[in-house]
Amino acid sequence: LTPGQYYSLPIEHLGIMSIAAYARSKGIEVETVNGMVAGHASVGETWRDIRCIAHRSGPPALIGFTNIDTFGEVLWLVDRCRREWDHVKIALGNTFATLNYERILRDYDCIDFVVVGEGEVSFTLLAEAVLSDGPVEQVPALAWRQEDGTIRSTPPTAMDMDEFPWAARDELPTVLGEGFAGAVFTTRGCLYRCTFCGTGATSDLLGRNRYRVRSIENVVDEIEYLMMDFGVEFISI
């Protein structure tokens, strides 16, 4: 790519950053690792950064992984996390996990939970349950394996997108410094069911809420914030 093309390419993970922002708004301490933003050349570098965070902040109670087509790499990282921290809980999310949660939980006992669909509320409530050693049965959009090996799940729910805090911007200074674009999302979900894409199938789980939009005012306010606080001059939507 030319520098001009980089300028329009967003590499923040707004999904993870939105989950982090929501969890932090509820008093949950969250640290994130994004190998793409950090420029990792191997999964070993990602593992190094995870360990560095734990060294700084203390052993993690819950680790979440996002995954679309990197399941093998995620399993490698999960194995290292299990060896390092005996009691840590492992959750997996995003489209691949959502559409295959029964098979994942059946075949991989190293994974404790799958967040089915959107993660902000579910991951935060799961974190609260893990931290308090409480039950998870009331956490929406969650799948888990019971002691007898059976798989249980709760139905997903859809929140008004304007009720979410704006995505955390931990990654944005690095992204801008490398010449990439800042980004906002304005909609979530999809009305269609293209056979080559999992977004429509995931959106189907929400029924009539499968496609939602943020208010214009909310989006414009966030863009203004990015301009004023980060000097962003180009926004990828």
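Val213 belongs to strand E8, which spans residues 211-213; strands (E, at least two residues) and helices (H or I, at least four) are DSSP runs numbered from the N terminus. The model is predicted, so local features need pLDDT of at least 70 and side-chain atom pairs count only at pLDDT 80 or more, whereas totals for chains, interfaces and linings use all residues. Residues are numbered from 1 along each chain as its sequence is written, and side-chain values use heavy atoms, with hydrogens and water left out.

Together with Leu191, Tyr192 and Tyr211, Val213 makes a nonpolar surface patch of about 430 Å². Such a patch consists of residues with over 30% relative accessible area and no salt bridge, its nonpolar side chains (Val, Leu, Ile, Met, Phe, Trp, Tyr) being joined within 5 Å. A salt bridge is a side-chain nitrogen of Lys or Arg within 4 Å of a carboxyl oxygen of Asp or Glu. Accessible areas come from the Shrake-Rupley method with a 1.4 Å probe, and for residues only the protein chains shown count as cover.

The largest nonpolar core has 22 residues, of which Phe65, Trp85, Leu92 and Val114 touch the most other members. A core of this kind is a set of buried Ala, Val, Leu, Ile, Met, Phe, Trp, Tyr and Cys residues joined through side-chain atoms within 4.5 Å; buried means under 20% relative accessible area, exposed over 50%, and partly exposed in between. At least two residues of this core come from each of H4, strand E1 (62-66), H5, E2 and helix H7 (101-107). The greatest contribution is that of H5, with five residues.

Six aromatic pairs were counted, a pair being rings of Phe, Tyr and Trp (its six-membered ring) with centres within 6.5 Å; planes under 30 degrees apart are stacked, over 60 edge-to-face and the rest tilted. Trp47 and Trp85 form an edge-to-face pair, 5.7 Å centre to centre with 65 degrees between the planes. Trp47 lies in helix H4 (residues 43-57) and Trp85 in the loop between helix H5 (71-84) and strand E2 (89-93), so the pair ties together parts that are 38 residues apart in sequence. Both Trp47 and Trp85 are buried. Elsewhere, ring pairs link Phe71, Phe96 and Tyr108 into a cluster.

Gly27, in the loop between helix H2 (14-25) and helix H3 (35-38), is exposed, with a relative accessible area of 66%. Its C-alpha atom is separated by 9.4 Å from that of Thr124, 97 residues apart along the chain.

Notes: Patches are made of residues with over 30% relative accessible area and no salt bridge: like charges are joined within 9 Å, nonpolar side chains (Val, Leu, Ile, Met, Phe, Trp, Tyr) within 5 Å. Buried means under 20% relative accessible area, exposed over 50%, partly exposed in between (1.4 Å probe, protein chains only).
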